[in-house]
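Morning, everyone. Please look at the screen while I talk you through one protein.

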Amino acid sequence: MEFKHLLSPMKVGCRTYKNRIVSAPMAFSLIAQNPMAAEVSYRKLEGPAKGGNACVILGETDVNFRDAVRIPGFKPFDFAKPEEDMDTFHAVKTYADRIKKHDCIALAELVHCGKEKVPFNDKQEAIGPVETVNSAGVKVRAMTKEDMDRIANDFAVAATYMQKAGFDGIIVHGGHGFIFTQYLSPLMNTRTDEYGGSLENRAKFPIQIIKAIREAVGPDFLFELRIDGTDHQPGGITPEETGEFIRMIEQYITSVHVTCGIYEESVKSGTESSMFHEHGLNIGPASIIKKYTSLPVGAVGGINSPEQAEEAIANGLIDYVILGRQMLADPNFTQKCIDKDEAQIRRCLRCYKCFPGSPEEGYDDLPFTSEELAVYVGHCTINPMAHLPFDIEKLPPAEKGAQKVLVIGGGIAGIQAAITAAERGHKVTLAEKTDKLGGLLYFTDVDIDKPDLRNFKDMLIRELKRHDVEILMNKEATPEFVKEFGADEILIATGSVPTCPPIPGIEHAAQAMSVYDGTCKPGKKVVMIGGGLVGCETGLFLQKTGHEVTIVEMLDRVANESFGMYREALVWEMEKNNMGMLPKTKCLEITDHSVRIENADGVQELEADTVLYALGMKSVDHSALEAAAGDAKVYVIGDAIRPGKVDQCTRTGYIAALKIGASEESIAFIQE
């Protein structure tokens, strides 16, 4: 497809963007203070710049260490005196240097979280427009005029710090329920003085900040404002009011970046949209705001399709697109558009692997502390190169030369391994025992909530076929075949299969995934035994396609192996679709028309036209294949290691393929 609008240049302030593709703010900027994490963070930002983006934005920089900083563990310093901590200054400057060397505009994001602050010591506090208690239970002090003057100056000083560090401009985070939203929202700002009431009054403090920044940085420094088109709260901010506000400030800023939602309800309000939100959810509100200003207006939020971006720009709804998680999924998005190779873009799943939420947002089930999360952010389910702890470009070619490689299994792990091994110059054969590639992801051809995962599966299969890989379909790799093949190195990707539990009457039930391949045609009333991810997601598919589903789960909560934002999004979608959920419930017996259960209410019987079970998976036994390998080096990947998620398949397949034919020194370099 021709992306003539998306790839056309755009005037922003006194600069020209070479196209209309901008990377949304990513990475906590001060993670660069940590030498162990800095290089990974730099590569995360440099990737989209190298991949052709017009602009890349460095993520959150909190403007002070008193009432703005959100993540513990960063070393405080004075933005006004960079010379007092040149290590931090040079660490931040490196972001700008590495972005700009690719003919890419570099911006840095400035943030003050206002009332959402969680103090980490007795010198910190939470302040906001009015006295309240925030979502973390912290008492919030109402801001005084002195506070406003101080914070406006903090923004201005932080902006000049970024200017000195070589950035082309800054972006102020004025959305997501942070300090701008708290003043602009009639729901959050109930002040009765000159800073409350009318929009003009509510806008006074944000305008004070904006004027202070512009005065400090001069007329030619780029200044983008990230702002909510809507906070998705009844009686909250509307696109029309946001448009009026932009009209008030357009002489001071150079572009408008439309987002939505509030920090306290990130998933439900769409600050980071889930797979259950529409793609491009902020394009509509942005198109309304665009009517109020002559400035370039862009939209962020669930855009993973260059086709959608091209259409929105061509139709005059927006001027540019801002891509966040999509740039982790495929930092070469822009170059693939330029090359008309858009079919091979790895399109973001919106699965929250990269950012699962934070403890400060109330997610108490995360397997991370706040400090660990700051380092972790940036992993990706479908891009195994995201957040690698080593620089792939420094890995030498396979020192042992081209190896004869056998990949056993054509699921996601096997396909990714075969692609990577072929790219490394090896002679690769992939053997798949069925007539389909993609493994367990066959279900995405049917499931209505997984079009992006289906996209990924299909893209990966296309990518495999574009490489010099011999593909043997309907070929079971028996031990005899393995011996005769004579591979130098073997990758075992034999996957996993469902387990069948010893429940009385289990012969009356069918395995959950059988509804996707047509071997089970469920009736109206469905009882799903097992409320893990497979049970919940399959149950949701059935509920949305006309069935009445009840989930029976022994643990305290459904989807227990998930956490953070994804679990919240899934459970919320199940609730919206009126699915029955019975946690802390044991299945006693299955009959041909019912299920006997026991929970705190005693023993009950659930009527069922169809009973399904999703009670775990087990790896396929591959010991005979390993034994048949002889002197060949063997790597076990994907679900063959242990049943897991897609990210385990892509990552283990990729890493194993890098090790093929490598020296011991290179293998030691390839950290996992």
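Let's start with a term: a contact means heavy atoms within 4.5 Å. Now find Asp647. Leaving out residues up to four places away in sequence, Asp647 touches Lys353 and Thr381. Asp647 lies in helix 21, residues 646-659. Is Asp647 buried or exposed? Buried means under 20% relative accessible area, exposed means over 50%, and partly exposed is in between, with a 1.4 Å probe and protein chains only. Asp647 has 18% relative accessibility, so Asp647 counts as buried.

A word on the source. This is a predicted model: local features need pLDDT of at least 70, side-chain atom pairs count only at pLDDT 80 or more, and totals for chains, interfaces and linings use all residues. Residues are numbered from 1 along each chain as its sequence is written, and side-chain values use heavy atoms, with hydrogens and water left out.

Now the whole protein. How many helices and strands are there? The protein has 22 helices and 28 strands. These are DSSP runs, numbered from the N terminus: helices are H or I with at least four residues, strands are E with at least two.

Next, burial. Of the 672 residues, 62% are buried.

What about contacts along the chain? Take those between residues at least 6 apart in sequence: 71% of them join residues at least 24 apart.

Last, dimensions. Along the principal axes, the C-alpha atoms fill a box of roughly 80 × 65 × 50 Å. That's my tour, thanks.
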